[in-house]
Amino acid sequence: MRRHHWIILISLALALVRTIGLDYWYDEAFTATLVRLPMANLLAATASDVHPPLYYLIVALTSRLIPGELGTRAWSVVCQAAALLVLWRLLARLQVEDRLRLPILALVALLPVELLYATEGRMYAQLQLLVLLQLLAVLERRWWLLGIATTLALYTHNYAVFYSIVIGLAALLIELKGTCYTILPPKYSHLGFVDFHPCQSRFRWICLALGLPILFWLPWVIFGVIPQAMLAASGHHWIQPITIGQALYALFMVVQTTHYPKILSLVLYMVVAFGLILTVRSAWRAKQRLLLALAFGPWLLASLASLITPLLLYRGLLPSIPFIAILVVCAIQRAGWERNYYVVPLLVTVGISLISIFGDGQRNGVLDVHTPIQPNTLMVHLDDSSLVTFGAYPQPGVSQVMLGGCPESLGSLRPVVRQAMQYDEIQPEDLPEHYVLVGWIGPLSTSCHLDLFYRLRAGARIIAENDTPFGSGGIYEH
Amino acid sequence: MLYDRVMENPYYQTWKQSEAARDQIILILTATLVAQTALYPALARLYQSPLLHYARVIYIAGNILADLAIGLALGASIR
């Protein structure tokens, strides 16, 4: 095995060690519940939710082969391994200096954000792999691969659109710059032009490689993207209207993740922001325009699109991380004697996050999903937040239902999705004498949920309770 | 608008206020850092002396220390 293989192995081992005994958080629980459903229900639920179905369809298979949390997360591990191998090959295609390739790979492989998503039961690792494949296809002029990778990416995550736009434009520019049309028809080739070998441009192939995926993607646009965009524009989604601060914060989050001591948040923000500003300046001067576009273009596009419909979320920007890492390492290499002023803060911030992701405890949720409940009990959930996380860990004899009677809260599942996920609804007046209420009141709960929660909590026996500045709730027995 | 349904919720108010405060702090910090980045080369042109190297080191170290102090104070206050 070569050194880069060892780096990849160590990174995956670290990522897997972190997930030992780690419960699903809401999004992963959603994946775990969805992939257990019959195929028709899975597709129906996906079509009315947010992301395209490809990832769920693959995990539906892996989770049947490997039971438990590992089955839900294993596919991301495979994607991460493949993504790092593709990155290794990309570094050669991007003509990055030999001695910088291992540090870049090590930085990407060991960045906390990469370790987190390498084992997350969500589609981000798959999206990153496909974006890297798209770029590899462009640089190696394999248009068939570009077509396949683009189609798969578009059916993996909605942010693939932003990456495909940037990569598509890059492909056209690279072809424009690096090739020229054949000036003379082949019948004149016998005349001989010494040292002149015009390289035929492949615009038609590029158009085909990008046009066909758009055609294949149309059904999802019509049945998925447009209804969701309209719903989000009406204020249904929990993502709030964009501000400049929020856009900058998203960039910070994708580099730093949410795992760091909160007292250091501003210090870390300054280090990261300063590092990125210097990196961009250095890259601009070194004319690394393609990498700059790939690193920051999708973020810019997502921020601009958020002016129409709020959709900026840092997680979807994971595929930018390898490009940012390349820019950072190249900038450090160019920094000359000042190199240590860049390396030390970089290692300190990465180190702090690494310690944090391993030290943040093993509980993902605010309420313990393993709280034992007596068999033959009805577990009533105030909203989706607990319904989905507790639903992913069914207890024998305990049936889970959603409490009706309130309007939808921000970001809640649509009724049609909940129906496809086979969750029933119960009205407050139909509640039996004995039941367990699981409720969490947070920033997105409606006034109706607040009233209902306080009313039903009154007189109930507290099984578990939690209180934070951003919400409170618990498990209560009636 | 669905947002109206949560406006009365005190947790929503806390969340939105903390986000607004965070956005303002981030904007100020980013603007300061961009200004500083522009200032370094200007300083380099200003101090054309053998002591330039030490002046830059002291300047950068001083800035980082000041940033850290401000950051820690702000971080502690909004915790």
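## Aromatic pairs

Rings of Phe, Tyr and Trp (its six-membered ring) count as a pair if their centres lie within 6.5 Å. In this predicted model, that rule gives 11 aromatic pairs over all chains.

Let us start with A:Tyr24 and A:Tyr393. Their ring centres are 5.4 Å apart and their planes meet at 35 degrees, so this pair is tilted: a stacked pair would need planes under 30 degrees apart, and an edge-to-face pair over 60. The two residues come from distant parts of the chain, 369 residues apart. A:Tyr24 is in the loop between helix H1 (3–18) and helix H2 (26–35) of chain A, while A:Tyr393 is in the loop between helix H17 (384–391) and strand S2 (398–403) of chain A. A:Tyr24 is buried, with a relative accessible area of 6%, and A:Tyr393 is buried too, at 12%.

## A pair between two helices

How are the rings of A:Phe252 and A:Tyr269 arranged? Their centres lie 5.3 Å apart with the planes at 70 degrees, so the pair is edge-to-face. A:Phe252 belongs to helix H12 (residues 244–256) of chain A and A:Tyr269 to helix H13 (residues 265–285) of chain A, so the pair ties together parts that are 17 residues apart in sequence.

Both A:Phe252 and A:Tyr269 are buried.

## Charges over rings

In chain A, A:Arg289 lies over the face of A:Trp284, at 4.1 Å from the ring centre. In chain B, the charged end of B:Lys16 sits over the ring of B:Trp15, 5.8 Å from its centre.

## The second largest pocket

Rolling a probe the size of a water molecule over the atoms shows where empty space is left. The second largest pocket has a volume of about 1200 Å³. Its lining is made up of 48 residues, and those nearest its centre are A:Val271, A:Gly275, A:Leu278, A:Tyr341 and A:Tyr342.

Which elements give two or more residues to this lining? From chain A they are H12, H13, helix H15 (321–334) and helix H16 (339–359), and from chain B helix H2 (10–46) and helix H3 (52–77). H13(A) gives the most, with 13 residues.

Terms used. Residues numbered from 1 in each chain as written. Chains lettered and ligands numbered in written order. Predicted model: local features only at pLDDT ≥ 70, side-chain atom pairs only at ≥ 80, totals over all residues. Heavy atoms only, no water. Helix = DSSP H or I, 4+ residues; strand = E, 2+ residues; numbered from the N terminus. Buried < 20%, exposed > 50% of the residue type's maximum accessible area, 1.4 Å probe, protein only. Lys NZ or Arg CZ within 6 Å of the ring centre and 35° of its normal. 1 Å grid on protein atoms, 1.4 Å probe; cavity = no way out; pocket = protein on both sides within 12 Å on 5 of 7 lines; lining within 4 Å. Points joined across faces, edges and corners; volume = space filled by probe spheres on them.
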